[in-house]
Structure formats: C-alpha cells, structure tokens
Amino acid sequence: MNGLKVEITQQIKAGKILKVKVKILTDIDAAKDHVLRMNVYSPTGYHNLLYCKTATATDGTAMLEIPFADNDRRGDWKIVIRDVMSGVEKKMIVELKTNQ
C-alpha cells in the first residue's frame, strides 16, 4: 500500500451530507479489501463520535458520509481517514458554512 486518495468538497453547508470517497493506492493493479477508520473533529477539537465510522474498502474503494446537522458548529472540521492494518492516514479540513 502506497497511501490513500481521498476526494471531498472543501466546503459544505450545515444540514447537508458530506460524501467522502476513499481509494487505496497500491503498486499492483487491484487493491484488496482494506478496513478504514474515519475520525471527525469539530472546530473546537471535540472528537465527534457520532460522525466517526469504520468501513471496508471493497476492492480498494469506499464511500463514507458525514450527515452534518443544521446546528453543528460552523468552521473548520478535521477529518482523518486511517487504514487500520497499515496505519497510513490522510487528514483533511472541511469548512462547515451557514445554511443560507
């Protein structure tokens, strides 16, 4: 495994669902199944367990979702995706904006 490729939007409005596409990068043509852990942290640094998930990247790809609430704190949310077996991580920031 060479790393993780994560596709997300950089900004999202409160009350919307953030889609997180994860692809396992390898030297071989097809990646095997991998277990992924997604941890989500609010702008205050709070580890939001309601949005954290564990998923299987079947054939090297997975689609995860974060259903942001209308009353979630606005600002920069940190999302950390980790391959459980290798420990390889990818960190991203998503700005949660006012729903107007």
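The legends below describe close-up views of a predicted model.

In this predicted model, local features need pLDDT of at least 70 and side-chain atom pairs count only at pLDDT 80 or more, while totals for chains, interfaces and linings use all residues. Residues are numbered from 1 along each chain as its sequence is written, and side-chain values use heavy atoms, with hydrogens and water left out.

**View 1. Five strands form an open sheet with mixed pairing.** The order is β2-β8-β7-β4-β5, where strands are DSSP runs (E, at least two residues) numbered from the N terminus, and two strands pair if DSSP finds at least two bridges between them. Because β2 (11-13) and β5 each have a single partner strand, one side of each is left without a neighbour in the sheet.

**View 2. Strand β4 (residues 34-41) is joined to β5 (residues 53-57) by five bridges.** These two strands run antiparallel, and Arg-37 has Thr-54 in β5 as its bridge partner. Six bridges join β4 to β7 (residues 75-83), again antiparallel, with Asn-39 partnered by Val-80 in β7.

**View 3. Tyr-51, Phe-68 and Trp-77 form one aromatic cluster.** Rings of Phe, Tyr and Trp (its six-membered ring) pair if their centres lie within 6.5 Å, with planes under 30 degrees apart counted as stacked, over 60 as edge-to-face and the rest as tilted. Tyr-51 and Phe-68 are edge-to-face, at 5.6 Å centre to centre and 80 degrees between the planes. Phe-68 and Trp-77 are also edge-to-face, at 5.1 Å and 70 degrees.

Technical notes:
Helix = DSSP H or I, 4+ residues; strand = E, 2+ residues; numbered from the N terminus.
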